[in-house]
Amino acid sequence: MAGSSAAHAVGRGVLFDIDGVLVTSWSPLPGAREALEWVRARGARRAFLTNTTSKTGDDIAGALRACGLDVDGGEIVTAARLTGEYLRGAYPGARVHVLTDGPVGDLGAGFELVPADAAAPDVVVLGGAGPAFTHYALSRVFEFMLAGVPVVAMHRSNAWATAEGQRIDTGLYLEGLCRATGVTPTVIGKPSPVGFRAAAELMGLDPTAIVMVGDDVRADVLAGQVSGMTGVLVRTGKFRQAALDTVEGDEFGLVPDHVIDGVGDLPTLLADLWGC
């Protein structure tokens, strides 16, 4: 690996997706610890942008540290945290119904949370999918949408990878709900540019100085490139060759800047890109 000087990477940064890139089912993937340490040792900045809603940012950092990955909670940008910031600005004091399969702590305060059996809320928020997405729960969201209640989605990811296999996520439910109601939701997390801008601000860098590393060719990599970042796709997690083969001519009109087998190959790529 070329060079060892930290100075070459000052003013640069790496934005990591977490699930499927660094861990699967909260077990580290090969080379994850070494890649994180390599980036830090060269003075580059780091942040972690995740659509995971099953844990708060602090919980995520703790889970990563527990499996040997040195990550601080302040480096993590969650879709729930971004959604809370949006709600406080767009719907201050609103009555909010949240359907998510995880904690709501990262949403913060500034609005009232109401259950599904309450009168029509001011806004509906969809988080990560899971057992909470029952027929009844989704039917209530459907009714609220038909009644004109605006919808905010923490993200629109279609799937995530677990040690047992692929699991469908909110994007698939959201697509059906939108087709049935004609409602266009506000999307906050990836692939929305909101999260990428927030991560760049957290890192104190222009997006052009940031490398985005993800396993989802569209929501992570191409969305990061649209935001001005350099995209790196890893062949782990939810990666599927068929998805990579079909990106040309899609909504972005782009292909990934770089494709590597896994995050363990990232230091070699960054050494070439950064000259260190």
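Q: Is Ala120 buried, partly exposed or exposed?
A: The cut-offs are simple: buried means under 20% relative accessible area, exposed means over 50%, and partly exposed is in between (1.4 Å probe, protein chains only). Ala120 comes out at 46% relative accessibility, so it counts as partly exposed.

Q: What kind of model is this?
A: Residues are numbered from 1 along each chain as its sequence is written, and side-chain values use heavy atoms, leaving out hydrogens and water. Local features need pLDDT of at least 70, side-chain atom pairs count only at pLDDT 80 or more, and totals for chains, interfaces and linings use all residues, as this model is predicted.

Q: Which residues does Ala120 touch, leaving out those up to four places away in sequence?
A: Ala120 sits in the loop between strand E7 (112-113) and strand E8. Helices (H or I, at least four residues) and strands (E, at least two) are DSSP runs, numbered from the N terminus. Contact means heavy atoms within 4.5 Å. With sequence neighbours up to four places away set aside, Ala120 touches Arg95, Phe144 and Val149.

Q: Are the rings of Trp38 and Trp274 stacked, tilted or edge-to-face?
A: Rings of Phe, Tyr and Trp (its six-membered ring) pair if their centres lie within 6.5 Å; planes under 30 degrees apart count as stacked, over 60 as edge-to-face and the rest as tilted. By this rule there are four aromatic pairs. In this one the ring centres are 6.2 Å apart and the planes at 25°, so the pair is stacked.

Q: How many residues apart in sequence are the parts that Trp38 and Trp274 tie together?
A: Both of these tryptophans are buried. Trp38 belongs to helix H1 and Trp274 to helix H9, so their pairing ties together parts whose separation in sequence, in residues, is 236.

Q: What angle do the ring planes of Phe133 and Tyr173 make?
A: Phe133 is buried at 7% relative accessibility, while Tyr173 is partly exposed at 25%. Their ring centres are 5.2 Å apart, and the pair counts as tilted because the planes are at 50°.

Q: How many of the 10 residues of H7 are buried?
A: Among the buried ones are Val217, Asp220 and Leu222. Their cover includes helix H6 (193-203), E13, E14 and helix H8 (241-245). H7 is largely enclosed by the rest of the structure, because the number of its residues that are buried is eight.

Q: Which residue caps the N-terminal end of H7?
A: Look for a side-chain oxygen lying 3.1 Å from the backbone nitrogen of Arg218. The residue that supplies this oxygen and caps the helix is Asp216.

Note on methods
Polar contact = N/O pair within 3.5 Å; in protein donor to acceptor, adjacent residues only side chain to side chain.
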